[in-house]
Amino acid sequence: MFETLRIATLCGLLAGGIPALVSAQVTNPATLPSGQQPPATSAPASTPAPGGMSGGPSQPALFDEQHRPITAGGFVASGPVIFEDISEKAGLTHWTHKMGTREKKYIIETKGGGIGLIDYDNDGWLDIYVVNGSTFDALDGKETPPHAALFHNNHDGTFTDVAAKAGVTNDRWGIGVAIADYDNDGWPDIYVTNWGQNRLYHNNHDGTFTDVAERAGVQLGNWSTGATWGDYDGDGRLDLFVPGYVHFDRDHLPSGGDNGVPDTFCTFRGVGVICGPRGLKGEPDHLFHNKGDGTFTDVSEKAGVADKPGYYGLASLFVDMNNDGKVDLLVANDSTPNYLYINKGDGTFEDDSYSSGYALDEAGRETASMGIAAGDFENNGNEDIFNTTFSDDYKVLYRNDGDANMTDVSYQMGIAEISVPFLGWGDAFLDYDNDGWKDLMMADGHVYPQVDLHPWGTSWAERPMLFHNIGGKKFEAVPAVEGSGLADVITGRGMAEGDLFNDGKLDVVINVMDGHPVLLRNVNPDHNHWLELKLVGGPKSPRDAVGATVYVTANGMKQRGDVLSGGSYASTNDPRPHFGLGQATKVDDIEVHWPSGKVEHFTVPGVDRIVTITEGSGK
């Protein structure tokens with residue numbers, strides 16, 4: 001019934017045509033009857049690998065012709081260069097991320113940090129906030145704490161770290177960043193999650209910030225991860241959701257067989273590794289209602305999003321999934337089922353995680369979800385979701401079939417098999433070639449340094465992956481050309497996309513575990529047109545329009561873009577919806593659904609420009 005392929009062929013696809021060194025039989029999804037999906041894993045292994053993180057069954061090792069794991073090799077000698085690594089030229093390599101020790105004995109040392117794109121000084125150019133980690137010695141005062149970075153955009157392709165001057169160094173064990181204007185004063189603020197108390201940096205309008213987390217009541221404690229801002233109750237003020245990961249107690253450090261943690265939660269393929277998250281207690285999630293006076297109230301229980309089972313939350317995102325004008329809530333959980341909460345419009349949410357199809361993959365199995373990307377890849381008006389996951393598991397693409405009913409289409413869209421060896425983190429839908437179809441990208445890197453000591457076909461440092469959207473019908477892996485940004489072998493974690501140079505091409509910034517941030521400038525040789533929109537909300541919407549949905553009609557197609565804060569892995573993208581227009585030289589219509597519920601239509605004088613649109617000025 002099933003046609004079989006050779007793993008060598010799969011490796012050729014991964015490597016853009018370079019032959020592989022190992023082979024085994026796999027199922028070809030293209031030969032299945034219409035509507036039938038292949039099994040959750042196409043490899044002959046039948047039992048999941050033991051360990052504290054949920055992956056699929058152990059997979060055959062994949063290597064390129066130089067016997068490098070495919071995650072750190074498989075490059076092609078020539079071809080179109082999509083991204084150029086300009087990190088050094090841009091001035092980012094003088095800053096280094098640090099999280100724990102190189103040995104990574106504990107789970108707190110492995111998660112890395114996020115990236116926040118923010119125009120903090122309102123000069124029209126995106127700046128870059130990079131979260132740093134810490135060490136036990138720094139917490140004990142034995143060494144200087146690692147500082148976060150705020151890279152000011154100098155408008156000439158370079159950046160200057162002004163974090164100390166701005167007062168946003170954090171100096172705590174940093175994890176994530178969510179950017180939004182929570183007090184509607186027209187200036188973006190910064191929420192930083194930590195292991196320990198969180199920060200809420202209020203923008204002082206003069207290039208500096210003040211931490212008001214304690215006064216605002218959003219500091220929490222222990223371990224928070226990828227937060228998101230959104231106006232869930234429609235009062236025009238942005239509320240804050242903060243997922244919790246595991247309860248990490250330094251006085252009772254988890255190790256195999258000790259402190260109640262079974263050895264099975266501290267192994268991977270039979271090798272001893274860090275313990276967790278399975279076997280450890282989960283931290284609850286928190287929803288903070290914005291009272292409008294600079295303070296917040298914890299309404300997690302009342303709203304129904306408190307995470308009673310204690311799942312391991314890593315990423316979250318407020319986004320309208322059923323097109324009713326109210327933001328819903330997604331939570332990507334590590335090694336436990338994901339959450340999809342539907343906004344009921346009365347201050348509460350309905351847990352539709354299982355009924356929607358988002359809780360599990362198509363085989364009914366929870367995944368180790370790391371990052372959330374939201375985007376309408378079919379241009380049908382429905383927001384689809386892409387979750388990054390652990391190695392030995394495919395990365396899951398959920399198609400929104402309408403009314404937030406999600407279908408795992410990873411295999412039929414060409415995402416599944418090719419992504420199995422990679423351990424994905426930050427991710428994003430982005431139209432890198434401005435052809436009007438949203439492509440997919442993810443940053444990668446393992447959590448177990450031990451993988452480099454074994455012939456498992458995966459690696460500690462990994463290259464990012466880019467998938468080209470073929471008319472909403474298929475995704476095709478873009479080959480990594482030697483020397484280009486896609487050939488960077490890094491321990492990627494948080495990732496954000498945005499137009500850093502205001503040239504209409506979407507660039508990518510990646511936070512690298514124990515390394516310098518990587519800035520991948522988009523140099524794709526296309527000549528397609530584009531449009532970017534900066535939205536300004538009216539008195540009944542958040543001022544920065546977070547939660548707005550935009551539809552742009554041009555070139556015979558209608559595209560959707562949303563203003564979002566959070567998502568990816570612990571990161572925040574460019575808040576300006578971006579639309580590739582192909583060869584279109586005019587825009588037929590811009591339809592904006594504001595958070596207030598108001599719907600307006602706008603026109604623009606041309607293409608290839610960034611346009612500011614203010615609520616109340618349309619038709």
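Student: How far apart are the mean positions of the positive and negative charges of the protein?
Tutor: They are 1 Å apart, for 43 positive and 87 negative charges. Lys and Arg count as positive and Asp and Glu as negative, with His and the chain ends not counted; each charge is placed at NZ of Lys, CZ of Arg, CG of Asp or CD of Glu.
Student: And where does the model come from?
Tutor: This is a predicted model, where local features need pLDDT of at least 70 and side-chain atom pairs count only at pLDDT 80 or more, while totals for chains, interfaces and linings use all residues. Residues are numbered from 1 along each chain as its sequence is written, and side-chain values use heavy atoms, leaving out hydrogens and water.
Student: New topic: is Q559 buried or exposed?
Tutor: Q559 counts as buried because its relative accessibility is 3%; buried means under 20% relative accessible area, exposed over 50% and partly exposed in between, with a 1.4 Å probe and protein chains only.
Student: Which residues does Q559 touch, leaving aside neighbours within four places in sequence?
Tutor: Q559 is in contact (heavy atoms within 4.5 Å) with N379, G436, K438, V550, Y551, V552, F579 and G580.
Student: What lies 2.7 Å from a polar atom of the Q559 side chain?
Tutor: That is the backbone oxygen of G580.
Student: What box do the C-alpha atoms fill?
Tutor: Roughly 60 × 60 × 50 Å, taken along the principal axes.

Definitions and conventions: A polar contact is a pair of N or O atoms within 3.5 Å; within protein, one must be able to donate a hydrogen and the other to accept it, and residues adjacent in sequence count only if both atoms are side-chain atoms.
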